[in-house]
Amino acid sequence: MPPLRIGVQIEPNDSFWVQVQEAIYHAAEHLPRIKLIPIEITDPLTTRPLDEQGGLVEELLTYDLRVLVCKDILPLQLAGILNRKLPVVYLAETDYKHPLLTSPWGLYEAARLAGSYLAEQLNGEGHVLCVGG
């Protein structure tokens, strides 16, 4: 049986996303039926987004993917991908809805709860530094 091809598009632009990407690749090493395909969303020759020329969806289709795991593809670009029946696991929170799309929900509320808790613990005095989020 051929491996399941999963596209992975995570621009590791801070330490959190580097760790997420490494965790995905590490987990896949233990799953012999999974083949991860790195996806670039910019043209390596021009460094312009592939979708400026309408090439992103077409390029994704050439990889024969079963699912796309991504973070940096714009929500507006998701329609073209999803309309081609490619399921997407979107790692950022989005309001975009589609039956083949999943993404985290409630990150704002979680941050609000954490902030309220910290403010309560500090009893109105002191400072909190939030880095990378």
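1. Contacts across the chain. Two residues are in contact when heavy atoms of theirs lie within 4.5 Å. Take the contacts in the chain with a separation of 6 or more: residues 24 or more positions apart account for 41% of them.

2. Ground rules. This is a predicted model: local features need pLDDT of at least 70, side-chain atom pairs count only at pLDDT 80 or more, and totals for chains, interfaces and linings use all residues. Residues are numbered from 1 along each chain as its sequence is written, and side-chain values use heavy atoms, with hydrogens and water left out.

3. Overall plan. The chain has 4 helices and 5 strands. Helices (H or I, at least four residues) and strands (E, at least two) are DSSP runs, numbered from the N terminus. From that end, the elements run β-α-β-α-β-α-β-β-α. The chain has 133 residues, and 23% of them count as buried. Here buried means under 20% relative accessible area, exposed means over 50%, and partly exposed lies in between (1.4 Å probe, protein chains only).

4. The sheet. In what order do the 5 strands stand in the sheet? The order is E2-E1-E3-E4-E5, the sheet is open, and the pairing is parallel. E2 and strand E5 (101-102) stand at the edges, each with a single partner strand, so one side of each has no neighbour in the sheet. Two strands pair if DSSP finds at least two bridges between them. In general, strands of a sheet pair through backbone hydrogen bonds, either parallel or antiparallel.

5. E1 and its partners. Start with E1 and strand E2 (residues 34-38): they pair in the parallel sense over 5 bridges. Gly 7 stands opposite Ile 37 in E2. E1 also pairs with E3 in the parallel sense, over 4 bridges. There, Val 8 has Val 69 in E3 as its bridge partner.

6. E3 and E4 run parallel and are joined by 3 bridges. Cys 70 stands opposite Tyr 90 in E4. The chain crosses from E3 through H3 to E4, and this β-α-β crossover is right-handed. Right-handed has a set meaning: with the strands pointing away from the viewer, the path from the first strand over the helix to the second runs clockwise. E1, H1 and E2 also make a right-handed β-α-β unit. Further along the sheet, 2 bridges join E4 to E5, and these strands run parallel. Val 89 stands opposite Thr 102 in E5.

7. Two covered faces. Look at the side chains of E3. In a regular strand the side chains alternate between the two faces of the sheet. Both faces of E3 are covered. Val 67 and Val 69 are buried on one side, and Leu 68 and Cys 70 are buried on the other.

8. Two residues with positive phi. Which loop holds Asp 64? Asp 64 is found between helix H2 (55-62) and strand E3 (67-70). Asp 64 is not a glycine, yet its phi is positive, about 55°. Asp 64 is exposed, with a relative accessible area of 58%. Lys 85 sits in the loop between helix H3 (75-82) and strand E4 (88-90). Lys 85 is not a glycine either, and has a positive phi of about 70°. Lys 85 is exposed, at a relative accessible area of 65%.

9. Is Gln 77 buried or exposed? Gln 77 counts as buried because its relative accessibility is 14%. Gln 77 is found in helix H3. Gln 77 and Leu 56 are 21 residues apart in sequence, and their C-alpha atoms are 8.6 Å apart. Gln 21 lies in helix H1. Its C-alpha atom is separated by 8.9 Å from that of Gln 9, 12 residues away along the chain. Leaving aside neighbours within four places in sequence, Gln 21 is in contact with Ile 10 and Pro 12.

10. Strand E1 (4-9) and helix H1 (15-29) each supply at least two residues of the lining. The lining divides into 7 nonpolar, 3 polar and 3 charged residues. Nonpolar covers Ala, Val, Leu, Ile, Met, Phe, Trp, Tyr, Cys and Pro; charged covers Asp, Glu, Lys and Arg; the others, Gly among them, count as polar.
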